[in-house]
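Welcome! Have a look at the structure below, and then we will walk through a cavity, some aromatic rings and a helix.

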Amino acid sequence: MPPALYGTWAALIPPIAAIVLALITKEVYSALFFGIVIGALLYSGGNPIGAIEHFFNILNKEVSDNLGIVIFLIILGTIVALMIRAGGSKAYGDWASRSIKSKSGALIATGLLGAVLGVDDYFNNLTVGNVMRPVTDTHKISRAKLAYMCDAVAAPICIMMPISSWAAAVSGIIDGYDGFTLFVQAIPYNFYAILTLVMVFLTAALGIDFGPMKKHEDNAAKGDIYTTSERPYANVAEMKFNPNGKVIDLVLPVIILIIGCVLGLVYTGGLFDGGVTIQEAFANCDAPSGLSMGSCVALIIIMAYFLIRKAFSFNEMMECLPEGFKLMVPATLILTFAWTISGVTGSLGADVFVAGLVDSFGAGLQNFLPAVIFLIACLLAFATGSSWGTFGILIPIVIKVFPPVDGLPTPILMMAIGACLGGAVMGDHCSPISDTTIMASTGAQCHHINHVTTQMPYAVVVAAVCFVSYLIAAVLPNVIIALPIAVALMVVTLLLIGKKNGSLDKKAKE
């Protein structure tokens, strides 16, 4: 029996309360727990016994559904601990400090690595942060900026990568069309993903920082890469390491992990059963299971490699298992709460409320609907912390609003899908309860709230340019015209910001 408030605006109260409290207190654990409690009470009609029962039902379901991701996190933490103990991270940092001569070079290298690892955003965020952290520390780049570079590249690349878990998820919910073909056709209309990448590489090359991020970067230039007193990962670098470590001790484990995870994903998609293409395997894959299985096999191979190389003793290798678990405790705890509050929000009918909202506006707005869909997707993903959940709700509605013409999708449908996907990523970027945002904080070993508050102004600036660009595209519904205008608007906006706050002048003097 649905609760009395099911499908109403009240369904968004729990995540909004959690977000507001997290931003006020700078403490995410209690904020998430508070939001879950509110949601459980709303579901039970104020009955505390019913609320407790609902809380644990949702918790058990979400942990069971996402157990593979928890296992993947712990295994990844163990691999990171092994690389540190073997001296690979130190050796790579020393090599990078000699080879990468500038801060801009370190940031661009971070962005490029994220672009290469565009198969899955969880894997992308965690791997890029752990691999590039020694490099960015050497060049006095704040942990908040590293977290931004990880987060701002991962999802935008994944949402435009035809062979990725994200493409598979989107293709799977498109009904009435060839989902993969429509996904590819919508890529040029995904202004948020494209313009975010423009921002990432342009700000890295020109040294443009603004908002709270500028304070973090100014402090990092003076030697303080954290800025605030909250430093949950500050002692990680103090782990023992082999002084004779080589760069290969970091690079090879990462390559093994990449191969293992990709094979794990396509294995769960049935690739090795025969009769399935790689794209179909990704479309059918079970990401939690694939990542956990692939990373487990990779861990065994990596352990064997380090033993053969005599990087450390067997007992020292075993010590890395609890060390890796401890590395991932903050992320695991936050993710568990984030999944639970998402489940509570879903049980209150947030998807029904938003679906009705979009449906009521769809018919009359026509070409201007993509701009509205973009905003709604931003808000829904921000409130729920789920980009996948957001486009899972909105895309079926969008397809119904814009029927095919002569059996073919219309340009306005492709624009609306691009707006939906981009808005979902934008809200995800801003939300402190987003699992991928949490992954970026973990990979960069940055205090989570610091990452959220420094990334938000960047995401909002891109979103503002996107909204204007969709309005222009409504008047000029041709992507060959609209996309270059959007990119030009983004570049001009960043140059004006950099000039106004002195970032460009500072870069010119260096």
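Three helices, α4 (67-86), α7 (121-138) and α13 (248-268), each supply at least two residues to the lining of the largest cavity. Please keep in mind that this is a predicted model.

**Cavities**
- The count comes to four cavities of 30 Å³ or more, and the largest cavity holds about 60 Å³ of space.
- Lining the largest cavity are Leu76, Ile79, Val80, Met83, Leu126, Thr127, Asn130, Val131, Val254 and Leu257.
- What kinds of residues make up this lining? Eight are nonpolar, two are polar and none is charged.

**Aromatic rings**
- The count of aromatic pairs comes to 10.
- In one of these pairs, the ring centres of Phe55 and Phe56 lie 5.0 Å apart with their planes at 90°; over 60 degrees counts as edge-to-face, so this pair is edge-to-face.
- Phe55 is buried, with a relative accessible area of 12%, whereas Phe56 is partly exposed at 43%.
- The rings of Tyr305 and Phe306 have centres 5.2 Å apart and planes at 50°, so this pair is tilted.
- Tyr305 and Phe306 are both buried.
- Phe55 and Phe56 also belong to one aromatic cluster together with Phe33 and Phe337.

**Helix α6**
- Helix α6 covers residues 103-116, and its 14 residues should span 20 Å at 1.5 Å a residue; the C-alpha atoms at its ends are 20 Å apart, which agrees.
- Buried residues in α6 are Ser104, Ala106, Leu107, Thr110, Gly111 and Gly114.

Note on methods:
Residues numbered from 1 in each chain as written. Predicted model: local features only at pLDDT ≥ 70, side-chain atom pairs only at ≥ 80, totals over all residues. Heavy atoms only, no water. Helix = DSSP H or I, 4+ residues; strand = E, 2+ residues; numbered from the N terminus. Expected span 1.5 Å × (residues − 1). Buried < 20%, exposed > 50% of the residue type's maximum accessible area, 1.4 Å probe, protein only. Phe/Tyr/Trp six-rings, centres within 6.5 Å; stacked < 30°, edge-to-face > 60°. 1 Å grid on protein atoms, 1.4 Å probe; cavity = no way out; pocket = protein on both sides within 12 Å on 5 of 7 lines; lining within 4 Å. Points joined across faces, edges and corners; volume = space filled by probe spheres on them. Nonpolar A, V, L, I, M, F, W, Y, C, P; charged D, E, K, R; others polar.
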